[in-house]
Amino acid sequence: MRRFILMALTALLGAAAMTGLRTTSVSAHGEIAQEGFVRMEAVGWWDVRFSRSDLTQNDNMVISGTTKLLETWPSNMSNGNPEICYLTVVEPGARFVLVDRKINGMESPQSFFCSKGSVYNFSMTLRARDPGNWHVHPAIAVKESGTLIGPGQYINISSSPSGFSFPVTLLNGKGIDVEGYGTWLVLGFSAVTLVLGMWWLLYWTVPGGIKRTVCRLRVANELPLNQDGGPAVGIITRRDHRHMAYITGATVVLVGAGFVWASSHYSGNIPLQVQWVKPPAPPVQAQLATAQATNAIYDPASDTLKIETTVTNTAKSPVTVSAFRTGNLTFLNPVAGLPHGDYEYQMKVSPEGTIEPGQTEKVTVSIPGGVLRQQELLPLGQAQYVVAGVLELTDAEGNRNFDTINTSLNPTST
Amino acid sequence: MATATIDLEALRLRELAERRYKFIDRKWDLMFWVTAGFVVGAAANITHLLFAGDWDFWTDWKDRQWWMTITPFATIIIPSALQYIQWRAWRFPTGATYTAVCLFFCTWIGRLLQWKYFINMPINFVWSATWIPAGILTDYVLLKSRSFILTSLIGSAVWTMGFWMSNYIMQLPYLQPTRFMGHTLTVADVQGIGYIRAQTPEYLRIIEHGSLRTFLQETQYVSLAFGTTLCVFGYWVGQFIGRRLAVWPIFKYLKQY
């Protein structure tokens, strides 16, 4: 018995110690969990910006950017036709609270109707909740496909002496803090029901009188199932019936009175809402050029992925291949800009220079294989040997053109 | 003569019931009820999570249609089995309450440790429903009727209504309307939007789905009636588990020796 008590105490201490293991920094949350071809073909991300990286509890931060459901959306996801989407944030738990979300300028609190090939300019305002250093990504969840994650950033939240609050005003004008609203009603009511339940159980099971379970087993075995022997046998007595009536009565009174009180105290309630929206189309982008990928060659010896593309300049001024975006990565032409952040890298474009108006040119984009392998974006050994992404072309005035390209992947050796 | 025979039989049974065992009683009782608590709580929790997990997990899933239809069915199965086992063995009308109390501890330990202390989800978003009032009322039906058929019919209705009324009290504050992101939403909807569940997008919610839009908009009461009907079915699933998978194999085993 002493040994048992010691073991129980050790287990309890262990459990208590584990409750102190609160996380303050988490970085991995499935960024590369999905197969490479899925991340390449499904969604494109660009211009993702985090307005701040250091916050105090209750400060707001805005994540903005653009995401596109690519024309190359895989046929084996959402039957090749995504229709319901949800723009969200991937973070390690509810470290932030989402207080505003706009898609193409429209407030979108819940899911939205989406379609393949559509572009969504978004902004999400997050209110800092939990102190710590958190890795945060924008993400788009697509029904019957899963959540596809965009580029992320570490955000530091410092604690505030006043703690966190999530203020909201009800339609009746009353201000509430959603963080703790209704908690005591839930805890209090649950606790009272537990008292009633324990009262019922202890009455029957605590040894004493004739309530010993071992003895009852012998008697119950000799009685038909729908009989208790009555007061003569005494395993269920009139006193038992009376006592159970008291507890049942107390339960009925508690639930009935609680129901009436809550119905009047929280009057004017409405059912849960399902308000899905269809965001308007974004402003039409300038059509500067068209791009068509013709081949993608991965050479393990040089560890380089080369994407051969035919670009036709349809504008009136020269254009430059400025970036290639795939999955949540961006590869920049050094002529157009230098990488910054965890998800931007350099690429080589040959021939270098611009493509003149009306000219069609074969352009080869070379991407370092190490980055792709680290992000598990090279779909080697996967179900589709395909490379896809968004090729960005820019003219001298800074107008930008985003073309979705895709082509088969051909490694030079296995 | 017949009365005397019955009285003698009752007297014999009464003596059996009142027999005192010096050492085995209390320890056996304590060991049994505490050990069984883990098993019953786990069984009830698994059944609950398998069939009605999300509906009972988040306030923004606790709707007036599916929560009330699915959850009573999912959660009557183990109480029904325990009602049979405890009534059959000891004539205890405690199976439903015992399961409800075990489930109470299981769910609340999970919510507090995993959801509140480990990842700091607000407890008012992930609170667990209570089945204890429904359990007491259902056990009372068995005590008074001593019939599993009547308990399946009346008790299922009592279980469903007891579950709805007792949990509606706690859910009501979260059905208050508010203006959020330019839309009229409930506080529960605001919780679901605000406290981000990265891998549980909003469109996964199975709430207010379907074409149940007639009946003068009183869909909740239709759902409760349907939930009761399902609950009767669930009750007999539980009876099957209690009779055929729990008690019957024990007797089969004992008869061998």
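## Helix packing in chain A

The axes of H3(A) and H6(A) cross at roughly 170° and come within 10 Å of each other. Axes here are lines fitted to C-alpha atoms, for helices over the stretch in contact, with angles from 0 to 180 degrees between N-to-C directions. H3(A) and H6(A) are therefore roughly antiparallel (angles over 145 degrees count as such). From H3(A), A:Phe189, A:Val192, A:Leu196, A:Trp199, A:Trp200 and A:Tyr203 meet A:His243, A:Ile247, A:Ala250, A:Thr251, A:Leu254 and A:Gly258 of H6(A); contact requires C-beta atoms, placed from the backbone, within 7 Å. This contact of H3(A) with H6(A) has nine nonpolar, three polar and no charged residues (Ala, Val, Leu, Ile, Met, Phe, Trp, Tyr, Cys and Pro count as nonpolar, Asp, Glu, Lys and Arg as charged, and the others, Gly among them, as polar).

## Basis of the model

The model is predicted: local features need pLDDT of at least 70 and side-chain atom pairs count only at pLDDT 80 or more, whereas totals for chains, interfaces and linings use all residues. Residues are numbered from 1 along each chain as its sequence is written, while chains are lettered from A and ligands numbered from 1 in the order in which they are written.

The predictor assigns the complex an ipTM of 0.93 and a pTM of 0.89. Chain B has an average pLDDT of 89, and 91% of the residues score at least 70 (pLDDT is the predictor's confidence in each residue, from 0 to 100).

## Contact between the chains

Chain A contributes 90 residues to the contact and chain B 84 residues. On the side of chain A that touches chain B, H3(A) provides the largest share, 14 residues. By class, that side of chain A comprises 49 nonpolar, 28 polar and 13 charged residues.

## Strand pairing

Strands S15 (289–299) and S16 (304–313) of chain A run antiparallel, joined by 10 bridges; strands pair if DSSP finds at least two bridges between them. A:Asp299 has A:Thr304 in S16(A) as its bridge partner. Four residues lie between the strands of this hairpin, where A:Asp303 takes a positive phi near 50°.

S16(A) is also joined by nine bridges to strand S21 (360–368) of chain A, again antiparallel. Here A:Ile307 has A:Val365 in S21(A) as its bridge partner.

## Overall form of chain A

Chain A has seven helices and 23 strands (DSSP runs numbered from the N terminus: helices H or I, at least four residues; strands E, at least two). The C-alpha trace of chain A spans about 105 × 55 × 45 Å along its principal axes.

Technical notes. Contact = placed C-beta atoms within 7 Å. Parallel < 35°, antiparallel > 145°, perpendicular 65-115°, else oblique.
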